[in-house]
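Me: I am new to this structure and would like to go through it step by step. Could we look at it together?

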Amino acid sequence: MESYSRRWFLGAGATTLLTTGLTACGSSDSTGSSGTVTAFVYGDDATKVQVKAVTRFNASAAAKKAKGRIKLEKVPGTDYPAKLRTAMGSPNAPDVFFNWGGGSIKAYQEANQLVDLTDTIKSDPVLSSGFLPSVLAAGALKGKNYGIPMRGMQPVILFYNKSVFAAQKLQPPTTWAELLDINKKLKAADITPFALGGADIWPELMWLEYLVDRIGGPEVFDRIKNGDASGWGDPAVLKAAETVKQLIDDGAFGKGFSSVSYVNGGAPAVFAKGKAAMHLMGSWEYSTQLGKFPDFAKTNLGWAAFPKYEGGAGDIRNVVGNPTNYWSVNARTGNKDAAIAFLRDCASEAYAKDLVANGDIPTTSNAEKLLDSSPNPEFAKFQYQLVQQAPAFTLSWDQAVDPDVSTPMLTEINKLFVGKSSPAEFVSALKGLK
Amino acid sequence: MTQSAAAKAGRPHAVWAIPGVLFFVFFAVAPMVLAVYLSFTTWNGLGDPKPVGLANWQKLLHDDRLTQSLTVTVLLTVTSWAFQTVVSLLLGVWAAGRQRNRAVLSAIFFVPFLLSSTAIALLFYALLDPNFGVIHQDTLGSTSGAFLAIVFVGGWQFIPFHTLIYQGGARQIPDVLYQAAAIDGAGRYRQFFSITLPQLRNTATTSSVLMIVGSLTYFETVLILTQGGPGTDTAILPYLMYEAGFKSYDFGYASAIATFLVVAATALSLALVKLTGFGAMRSTREGM
């Protein structure tokens, strides 16, 4: 035993390792050549629209012509970006996948994993005139299109609890001074002015996105998005951080906001139950409330644009948020024709109608006339016009920049909100992100 | 001894180890070797890893967050060890006795260990919710609150296991020692400190090594309870590694942290074994 054990073990180990290594490097170009096109979608309540689209497409003449079928894979929400990244690096990559445009697909574009859809869109009137140009452009990278809009628009909106506002005789704020005044009155009545799901961090991000836009205009973040980290040194960023700090010190978000989560329903519940009077959130707040507190959503949920900041450079009509989500096509797909044929369905009226029925606002050019059939036409039209009239639509910061910048950025934002760093420290930390 | 002689004697042949060795190589050694390799590359999960020499290791040395993370990890490990050892030692010694209801209570104490740590973390996350939880306080929002919550939840989960170890250890102590001590006039406390504790020395080492190495890789509780927050105050090393790998997609740097963690944990457990004399396995029954 003694005589051969050590060498034997090492040999066995090396063999296994080589085998593993070879398997890992071996195949990298075998994505669904059978005609089946796999599509990864972010698995939330809204996937029912994509499920219908897939059923419709698989039965259509276009599918027969392209000899392809779509297979939809719903990936649970929070894990989506990591799961997609792992899949895209493996032989089992999806042919078509949901994304947020911008920074969320930059790494895939740099690895030559995306089909450039610019010419496809240009030569196809269904695609080129089917969507709002600003939305199509927001998903582009360096002027080239890699995505087709496939969900509703998701601007960030200031929601308010109508019954709380009525009881306190308040109107939604249009200026920052009004907002501060409302805060004071609400606190006197022992109501937290704003619900905030600080445990998720991205709801905190929304405050900075809007404040930087209102104070310094959309150009400030544009510069940062394009890779100029010194853009964080713009006075507007510091001013926004100081404004946030002041809100926190004043108790505008209540005491426990940093361990309240949006995703698990904490913040929406605080808001719906009247413990907090307002909630700055993406337009999906409406469907969230409709699911959790339907009575509140139908009768007491109010909405308004983010107020103007006195002396600031940003237009009150500017919007931040997610213009929409996109389908992108994997360059390694075995059936590009079927994938693109499927993407064309997103411009169809049937698809837009499904979105509207789900409470979403399609980004298609034909959407406005469909909005009357929305479950809440008033809210639908407010959103559509908000986005249509916006001089600038800033993509959510965490989606606009690379993940290796957005992760530390979110950490720094959280540190600012929980008081672990001062506004000045916050700015200098962000300037250090490359 | 020759191969055939070993086979004839019915003793374990090296071939018998193949399934175990393959399993270990495939799921432990190979990933570790790959992690070491990746730590010298830059890789975002797409395409092929590009060698970058020592860049990740240099970054590791100069990363403020790593220093902070290391401090928190050490603090968490020490606090968890102290908390879990005291409680499970007392519970274990108690459970080794012959009281009424002891078996039933011991079985109940053991339940938390059977639950998945994710389920436990989610449960406590709900209980600690500042608005809808049981204590209306922002426990997880303060540095000390979040830290203690992690220590407590970890203890809640793992104390049953260590209680079991101590119970087994305490059962092994021969009754004659206590009988002799009783004749000499030693009371209950004197017996505990002069007989039970010294006799449990090896048990304590086993349990401590498991606790300490376990705390170093304590991950899901932090991910679910605090996400490393508030700010970065509870971002222990495994969490930092997760963030670098699966949020920033910087697998090179994440692998450097992982390799560092493997080396640190191995060194620490070797040092513990050496320092406590566990390696020499001196019997606690010498002279009996």
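Me: What are the helix and strand percentages for residues 70-272 of chain B, and how far apart are the end C-alpha atoms?
Reply: In this predicted model, residues 70-272 of chain B are 76% helix and 0% strand. The end C-alpha atoms of that span lie 19 Å apart.

Me: What does UniProt list for that span?
Reply: An unreviewed UniProt entry lists residues 70-272 of chain B as "domain: ABC transmembrane type-1".

Me: Which residues of chain B does UniProt list under "transmembrane region"?
Reply: The unreviewed entry gives residues 21-40, 70-96, 103-128, 140-159, 209-231 and 251-273 of chain B.

Me: What part of its contacts joins residues 24 or more positions apart?
Reply: Counting the contacts in chain B with a separation of 6 or more, 71% are between residues 24 or more positions apart.

Me: Which peptide bond in chain B is cis?
Reply: The bond from Gly229(B) to Pro230(B) is cis, and its omega is near 0 degrees. Pro230(B) sits in the loop between α11 (220-225) and α12 (237-247) of chain B.

Me: What is the phi of Asn101(B)?
Reply: Asn101(B) has a phi near 65 degrees, a positive value in a residue other than glycine. This residue is in the loop between α4 (64-95) and α5 (102-114) of chain B.

Me: Is Asn101(B) buried or exposed?
Reply: Asn101(B) counts as exposed because it has 8 C-beta neighbours inside 10 Å, and the cut-off for exposed is 12 or fewer.

Me: Turning to chain A, what is the phi of Lys169(A)?
Reply: Lys169(A) is not a glycine, yet it has a positive phi of about 55 degrees. Its place is in the loop between α9 (162-167) and α10 (176-188) of chain A. Lys169(A) is exposed, with 7 other C-beta atoms within 10 Å.

Me: How is chain A divided into domains?
Reply: Domain 1 of chain A takes in 36-153 + 323-366, and domain 2 takes in 154-321 + 396-431. Their C-alpha centres lie 30 Å apart.

Me: How many residues of each domain are in contact with the other?
Reply: In chain A, 11 residues of domain 1 are in contact with 12 residues of domain 2. The side of domain 1 that touches domain 2 has 2 nonpolar, 7 polar and 2 charged residues.

Me: Which residues of α4(A) are buried?
Reply: Tyr80(A), Leu84(A), Arg85(A) and Met88(A) are buried in α4(A). They are on the same side of α4(A) because they cover an arc of only 130 degrees around the axis.

Me: Why do residues three or four places apart point the same way?
Reply: An α-helix has 3.6 residues a turn, so residues three or four places apart point the same way.

Me: What covers the buried residues of α4(A)?
Reply: The cover includes β1 (36-43), β2 (69-76), β3 (96-99) and α5 of chain A.

Me: How many residues does each chain give to the contact between them?
Reply: Chain A gives 36 residues and chain B gives 32. The largest share of the side of chain A that touches chain B, 8 residues, comes from α1(A). By class, that side of chain A has 16 nonpolar, 14 polar and 6 charged residues.

Me: Where in chain A is confidence lowest, and where is it highest?
Reply: The mean pLDDT is lowest in α1(A), at 42, and highest in helix α11 (residues 202-216) of chain A, at 97. Residues 1-33 of chain A have a pLDDT below 50, and this stretch has 36 contacts in the model beyond near neighbours in sequence.

Me: What are the scores for the chains and for the model?
Reply: Chain A has a mean pLDDT of 88, with 92% of its residues at 70 or more. Chain B averages 88, and 92% of its residues score at least 70. The model has an ipTM of 0.78 and a pTM of 0.83.

Key. Residues numbered from 1 in each chain as written. Chains lettered and ligands numbered in written order. Predicted model: local features only at pLDDT ≥ 70, side-chain atom pairs only at ≥ 80, totals over all residues. Contact = placed C-beta atoms within 7 Å. Helix = DSSP H or I, 4+ residues; strand = E, 2+ residues; numbered from the N terminus. Nonpolar A, V, L, I, M, F, W, Y, C, P; charged D, E, K, R; others polar. Domains from an automatic or database assignment. pLDDT = per-residue confidence, 0-100. UniProt positions renumbered as here; feature names shortened; annotations may be inferred. Buried ≥ 20, exposed ≤ 12 C-beta atoms within 10 Å, placed from the backbone. Arc of directions from axis to C-beta.
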